[in-house]
Protein chains: 2
Amino acid sequence: MEHDVFLADCPARTTLQLIADAWSVVVIHALGQRPHRYAELQERIGGISKKMLTQTLRKLQDNGLVERRRIPAAPPGSEYRLTPLGETLLEPVRSLARWAEQNTEALLAARGAD
Amino acid sequence: MEHDVFLADCPARTTLQLIADAWSVVVIHALGQRPHRYAELQERIGGISKKMLTQTLRKLQDNGLVERRRIPAAPPGSEYRLTPLGETLLEPVRSLARWAEQNTEALLAARGAD
DNA sequence: CAGGATCCTCGAAGATACTG
DNA sequence: CAGTATCTTCGAGGATCCTG
């Protein structure tokens with residue numbers, strides 16, 4: 001069975017689409033540093049609405065990349081962390097983030113040049 | 001100057017959003033193998049419309065990641081290839097694509113489990 | 001505090017048709 | 001062949017209010 005990202009009807013393409021969006025990348029990146037509470041995450045990630053955060057977390061959770069844990073202690077809340085499967089995403093995600101951080105200047109320069 | 005992908009107003013975030021979408025990833029991945037003509041690209045990448053392909057290429061081009069070359073010879077046409085800057089994106093992109101190809105089964109399993 | 005539900009809008013993206 | 005132009009639709013996503 002082929003899993004070529006070039007094939008439209010292939011599961012690998014679906015998988016790629018699942019993670020290849022900016023919010024997922026940023027959320028994974030944040031959870032890669034340490035588990036976060038919901039409010040922490042929203043505070044950490046600038047400009048994400050509660051709706052999008054919840055939606056993104058739920059999507060990742062449904063696909064086994066993130067798990068939620070209830071916190072009974074005061075103050076009560078939820079904690080999110082990467083699953084082992086989710087942690088395998090850290091390398092690609094960090095690679096992307098690193099690239100973005102390092103090449104932003106070059107991109108801006110190229111934009112001005114052309 | 002900070003380039004933290006967590007900050008909403010930071011250029012690095014904009015950069016990340018530029019490339020963190022499925023079409024860009026797939027297009028970069030394709031061009032990473034070899035230069036392609038427009039029609040080749042569309043054929044290669046299943047399910048992408050001319051509009052989206054043109055749009056994606058233009059965006060990447062405007063940011064100095066891809067360059068277009070006119071082909072005068074018969075049959076005439078255009079050829080797209082990665083710029084040196086664009087090639088620096090190959091590692092992250094391949095990393096992502098590899099992950100998607102390798103972990104699709106696991107994702108599907110997780111989806112069923114929960 | 002961590003969401004679910006609802007409403008609404010605006011832009012992404014398909015379809016189609018035309019051009020150098 | 002490699003696009004551009006136009007129109008339209010459809011759903012992502014913001015704003016707001018409500019609940020366990």
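Let's start with one residue: setting aside its neighbours within four places in sequence, A:His36 is in contact with A:Ala30, A:Leu31, A:Leu41, A:Arg44, A:Ser78, A:Glu79 and A:Tyr80, where contact means heavy atoms within 4.5 Å. Before going on, note that this is a predicted model, in which local features need pLDDT of at least 70 and side-chain atom pairs count only at pLDDT 80 or more, while totals for chains, interfaces and linings use all residues. Residues are numbered from 1 along each chain as its sequence is written, chains are lettered from A and ligands numbered from 1 in the order in which they are written, and side-chain values use heavy atoms, with hydrogens and water left out.

Is A:His36 buried or exposed? With 1% relative accessibility, A:His36 counts as buried; the word means under 20% relative accessible area, with exposed being over 50% and partly exposed in between, using a 1.4 Å probe and protein chains only. The side chain of A:His36 also reaches the backbone oxygen of A:Arg34, at 2.6 Å. That is a polar contact, a pair of N or O atoms within 3.5 Å; within protein, one must be able to donate a hydrogen and the other to accept it, and residues adjacent in sequence count only if both atoms are side-chain atoms.

Now zoom out a bit. A:His36 sits in strand β1 of chain A. Helices (H or I, at least four residues) and strands (E, at least two) are DSSP runs, numbered from the N terminus. Chain A has 6 helices and 3 strands, and along the sequence they follow the pattern α-α-β-α-α-β-β-α-α. Of its 114 residues, 52% count as buried, and the C-alpha trace of chain A spans about 55 × 40 × 25 Å along its principal axes. Among contacts in chain A between residues at least 6 apart in sequence, 40% join residues at least 24 apart.

How do the strands of chain A line up? The 3 strands form an open, antiparallel sheet in the order β1-β3-β2; two strands pair if DSSP finds at least two bridges between them. At the edges are β1 (36–37) and β2 (66–71) of chain A, each pairing on one side only. Over 6 bridges, β2(A) pairs in the antiparallel sense with β3 (residues 77–82) of chain A, and A:Glu67 has A:Arg81 in β3(A) as its bridge partner. Keep one rule in mind as you look: in a regular strand the side chains alternate between the two faces of the sheet.

Next come the helices. Helix α2 (residues 22–33) of chain A lies across β1, β2 and β3 of chain A, at about 95 degrees to β3(A). For such angles, axes are lines fitted to C-alpha atoms, for helices over the stretch in contact, and angles run from 0 to 180 degrees between N-to-C directions. Helix α1 (residues 11–19) of chain A is largely enclosed by the rest of the structure, because 7 of its 9 residues are buried. Among them are A:Leu16, A:Leu18 and A:Ile19. What covers them? The cover over the buried residues of α1(A) includes α2 and α4 (50–62) of chain A, together with α2 (22–33) and α6 (90–113) of chain B.

That brings in the partner chain. Chain B can be laid on chain A with an RMSD of 0.0 Å by a turn of 180 degrees and a shift of 0.0 Å along the axis, with copies superposed by least squares on the C-alpha atoms of residues with pLDDT of at least 70 in both. The two copies are thus related as by a two-fold rotation axis. The same surface serves both: 100% of the contact residues of chain B recur in chain A.

A hairpin joins β2(B) to β3(B) through 5 residues. Strand β3 (residues 77–82) of chain B is largely enclosed by the rest of the structure, since 5 of its 6 residues are buried.
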